[in-house]
Amino acid sequence: MIKAILIFNNHGKPRLIRFYQYFAEDMQQQIIRETFHLVSKRDDNVCNFLEGGSLIGGSDYKLIYRHYATLYFVFCVDSSESELGILDLIQVFVETLDKCFENVCELDLIFHMDKVHYILQEVVMGGMVLETNMNEIVAQVEVQNRMEKSEVSLFLDR
Amino acid sequence: MALKIVKGSIDRMFDKNLQDLVRGIRNHKEDEAKYISTCIDEIKQELKQDNIAVKANAVCKLTYLQMLGYDVSWAAFNIVEVMSSSKFTYKRIGYLAASQCFHESTDVIMLTTNQIRKDLSSPNQYDTGVALTGLSCFVTPDLARDLANDIMTLMSHTKPYIRKKAVLIMYKVFLKYPESLRPAFPRLKEKLEDPDPGVQSAAVNVICELARRNPKNYLSLAPLFFKLMTSSTNNWVLIKIIKLFGALTPLEPRLGKKLIEPLTNLIHSTSAMSLLYECVNTVIAVLISLSSGMPNHSASIQLCVQKLRILIEDSDQNLKYLGLLAMSKILKTHPKSVQSHKDLILQCLDDKDESIRLRALDLLYGMVSKKNLMEIVKKLMLHVDKAEGTTYRDELLTKIIDICSQSNYQYITNFEWYISILVELTRLEGTRHGHLIASQMLDVAIRVRAIRVFAVAQMATLLDNAHLLTGNMQRMGICEVLYAAAWICGEFSEHLENPMQTLEAMLRPKVATLPGHIQAVYVQNAAKLFATVLKNQEGNTDSTAAQETSQLMIDRLPLFVQSANLEVQERASCILQLVKYIQKLQQKDVEVAEEVCALFAGELNPVAPKAQKKVPVPEGLDLDAWINEPPSESESEDEQPKAIFAKEEPKHSRPRHTEVDEKELARRREARKQEQANNPFYIKASPSSQKAYQEAPGVEHIPVVQIDLSVPLKVPGLPMSDQYVKLEEERRQKERADKKKKEKKKRKEKRSGRGRKHDSGPESEEDITPAHMVDIVTEEMPENALPSDDDDKDPNDPHKALDIDLDKPLADSEKLPVRAHRAAEAPKSPAEDGEAENAASQEPKKKSSKEKREKKKDKDRDRKKSKEEKKKKKHKHEEKGEDLLGGQADEPVVQSEETNEVAALPTSTSAEVSDLDFWLSNAPVPSNTQEAATVAEAAPVPEAASGTAPDSEPEEPKDTEMEETKSSKHKKKKQKKEKEEKEKKKKKKHHHHHHHSDGGGEESVQNGTVEEEEPLPPMSNYCLLAENSYIKMMMEDADEVYDIQGNLQDGSQVVVSVIFENKCDSFLKSMEFNVLDSLNSKLQRPEGSGPHDGLTVPFQLPPGVSNEARFVFTVQSIVMPQKLKGTLTFIVKNEDSSTHEKLDFKLHFTCTSYLITTPCYSDAFAKLLESGDLKCSSVRLEGVIMPFHHLLARICFHHHFSVVERIDSCASMYSRSIQGHHVCLLVKTSGQTVSIDAKCDEPTLLGNVLDEIKQTFSQC
């Protein structure tokens, strides 16, 4: 199970948070801070796995993250997930973002948090991996965006 | 362009959209909070408007603010409003917000049930999708209960997009509403074979997640997963399945045996590191589970270790990390194979990456032995020095202690060394683990008697130099050590060289700066020391010295009496008064030492950590009963008139406080004393004094090592432990030399045994004896402690509720709740009524069966219900499949009861278990044979079924014969299995006498879950291949057939299992198996070997042993039966001679053997028949005198068909060949004539299959 997905920048500012188990808002912020603290002090050339965060899920819990330019993508998972598999999944997710936003950068995530959520919803659902095929994800996202657009134009017509 | 206009106009409409909000926040960096609070005010205004677009925009902004940490739960109702918008755009916004901030205690969730249900059944799949996604995040037990049925329906939605989401969300539903697991499971299982890979992967995901928590319930799915594993190419699915197998294999070692080969193949073939890694992991799990039973899989271990070494040496830090992680798993069972890589692991300790260093540390934990402990710890100590000031250093410290103390100090041969390591560790700056070191010191000092002298000396030095430890505030953590030091010096003060000096050190004014609990220990132990000092001084008849000591106490203690800490104060004032009194006595020249010592007499033994829990509750003691009457609420109203109180009393029915007389009290007191005497937690008033303990037998025999006084007993300064390492090495050398000498002597005279005993440890380390007898005092447990292992289970684990037996047939009560109007009862259809009556008339009435029939009727009703739904939703086959399973599972139970009068109800688990057993025992391709297995069990029923006598047939003896001729190996397996079964169900003692006839088994046959009274061993497909005086070969009739997808264009592979049994008294080796290839069929040989080379059988056979080997054949055309000639050559080896022998045989591949049992739903079957592509043929069998269901069972088992549908004496059956030919049968019976109409797209194949069927029945 994936317990949480956090995206924050090099300064620890959250860009997307998605918890698959409930935490109150202040706890969520604390988890983000702790995670940022753990992740940010690591060099880029060390491994992408991290144990020792204490906040989510007790002992059966691992942080798997990737660092892209100004953003950290952190997945908190338990032992039922394959470490390398999750790393691949992060890559798929980021590539999907890249496709949907055309050269994604931090600003896209800042201003379109909702869209990023919608994309993520096609990748992970309720803490479990839903789809790993990028083309399939992009296709579903696009269909939904088209639906949204058609609704907007309907709205204008009225 | 048009789009821009649209966007612009939308922007204008709203005061501020999400982008504006974000921009605004970024522009107000200084007063962000203030800006956001004005924004929230705006949002509140927007939410008050009626326009749903405005509301949605506001909710979208709230979602953003939620991410920044603002609580937005106050808008929950507005979120629900937006969710219920008919527009997808807004609905999506609403569900997103809900998924971010709703949780179980959000009360408006109650309002959403109907909205969500509406969305779930929306014609627009994306509405459904959005609802499912949202629901997955905030599903509550109520929602789960109310929506479970709707979601289950969605699992068979036409769109894979919805199916996969519905499948995934089921896991959340199960967690919240465990009752839904059993009704939904059959369909979930079906989804494992969904044509869409996404849905399949989702189903695998869910089942893996379920199985991880309660693996034993999912063991019966192993064959299915095995098939998926060998057929799937999706790495995600593979990884999940392989991980799942890792969880299953500890429960079933035979599964592991089966897995090793495909896994090693994957390891060799895959290029995906993630998959490789998981394979290695599971192979390790398999090896762990096999380590007890199997001889050796050293090749597999070597492969794993070698692959892991490659990972660890990789420059990719991730692989390095994972390599170490997996290595630590191997370590647990095969430490030797890892220990050879010690160099590599020590190297990883220097890695710049902390994660990797930590992993390496974990590994070291398991790699230590008596031999290398000191060396490894020395290395670690170096790292401790290097890693100044990080948390990593604390980690090192705990690891050092863990490593040394593991399994009861198993690897420590020299405790002086260990104590000095501990003392060295106290030099660490700012560690948080002072208490850890302290507890180690205490533990060692208490439990290793022989070390006490040394430990006390060291502790005294520590106390002397306490100022070094408490010198600066940073060291506060470490001062915990002083707690231990003070206690050890006090408790074992008789070993102190200079107790007076220590006493003085403990009473220094500086002590008052220590934390309270440490001061308290100081004070208490100062008193103990005082007692010892007194004793020594009085012995010297120097009364002034003794009085001076008392004076010292009286001078120093007032400082502690003033302490703010209650504990310190209390102890200090008690002891102060005591000493004052002693001083008075001393002044009168009274000898007091004896009495003072008695204050602290007796030994404190260590108590096991779980001891408290294990104290059994004495009989008759009710811990929940009130000891005294609970304070009554009316107590304050005592003035109330008595009458009223008396009236009320019976209402409350409080136990009245009974008057206890003196006698009773005395009796209780006595009982309590008795109990205390037996209770280890009460310090007994035993007469034994410390003196007595010193003279305890055995103690003086402990060889106390002379402390080398050249070693300075100083805390600061040079690390002493190194010197102990040196000493220890010298000692070991000397010992080795001694031993050699002794061994020389031994030749002349038998060694009388060495005086020293090893505490434990592997034999290989025999040559290292502990420096002194390590008399590790075991921890005390209460007498008659209850052995229990359930200590570690967390009662709050949500997955506990999901520990549900999934193989049991569904009960009526287990239907998912359906909304009321759907549950309306439908009239019974005549056909089904007839069926029910039929069943009733066939069986004599029994009291016990009545209920059952009732149940059955219910079932029928249910079936009708589901049929109705079916019509509505056009998900015919799934519904039916599910229902059939329920119905079918019940029917055989009824039958067995009635025909056999067996009280015990067999549960379908037995069938499942034996299916699994069957699969595990021989078939490599699961799902095909699983069904065959159930039928196999059904087949030999007639002869045994006491009720239906006419069934016994000539064919039956043949079966038993077959079994008898089976190899001993299989017999063994069978026995074992039977034993297991017996253990599982003690009730089933009647095993061999009562078999139930499988009368209603038509559906059972179809679904492969026959209710089977007796766990018959799988009826074997093995037939004798060839035999001579040396060896017997039995071939399985090639039913284990599978096609290899994509590899060969239209070739297929057939696997033949051959059992070799050694019948002679000699050793058989170098067996070579060779077959003369025909044009059509070829034996697969390893690459590089010629077409006529034999295959080496991968084992040798000691006398009387049998083993099984598999051979793979490639077959071009499958429409004709095949015969292949072959030869087995082998060497018979006696003690003095060896001869070459050979044995000729003929392999017979029937057409049947190319068929795979494939389940088929009736609608698909009908379509197939209608398609008109199939050629027709038919055959008539005369004089068949077996019941129809036996006939079907026989066809199913011997010819790999499955029953599609059965109506009375007519049944349709289906099978598929390995090359995809469909074979359909319509079997009818009337009297003794059976007619089979068959259709197939390949007439030749059909003809041959029919011939073979005919032959089967002509034999009986």
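Q: In this predicted model, which residue forms a salt bridge with A:Glu106?
A: Let's start inside chain A. The closest N and O atoms of the pair are 2.9 Å apart, and a salt bridge asks for a distance within 4 Å. The partner of A:Glu106 is A:Arg15.

Q: How many residues apart are A:Glu106 and A:Arg15?
A: This pair ties together distant parts of the chain. A:Glu106 sits in helix H3 of chain A and A:Arg15 in strand S2 of chain A.

Q: How many salt bridges cross the interface of chain A and chain B?
A: Over all chains, the rule counts 36 salt bridges. One that joins the two chains is between A:Asp78 and B:Arg212, with the closest N and O atoms 3.0 Å apart. Across the interface, the rule finds 8.

Q: Which element gives the most to the side of chain A that touches chain B?
A: Several elements of chain A supply at least two residues each to that side, among them strand S2 (14-19), helix H1 (25-40) and helix H5 (134-157). The top contributor brings 12 residues, and that is H5(A).

Q: What is the make-up by class of the side of chain A that touches chain B?
A: On the contact count, 62 residues of chain A meet 70 residues of chain B. Sorted by class, the chain A side has 27 nonpolar, 16 polar and 19 charged residues.

Q: Which residues of chain A lose the most area to chain B?
A: About 6,100 Å² is buried between the two chains, and carbon and sulfur atoms give 59% of that. Three residues together make up 11% of what the chain A side buries. They are A:Phe111, A:Met125 and A:Met128.

Conventions. Residues numbered from 1 in each chain as written. Chains lettered and ligands numbered in written order. Predicted model: local features only at pLDDT ≥ 70, side-chain atom pairs only at ≥ 80, totals over all residues. Heavy atoms only, no water. Contact = heavy atoms within 4.5 Å. Buried area = accessible area lost by both parts, 1.4 Å probe. Salt bridge = Lys/Arg side-chain N within 4 Å of Asp/Glu carboxyl O. Helix = DSSP H or I, 4+ residues; strand = E, 2+ residues; numbered from the N terminus. Nonpolar A, V, L, I, M, F, W, Y, C, P; charged D, E, K, R; others polar.
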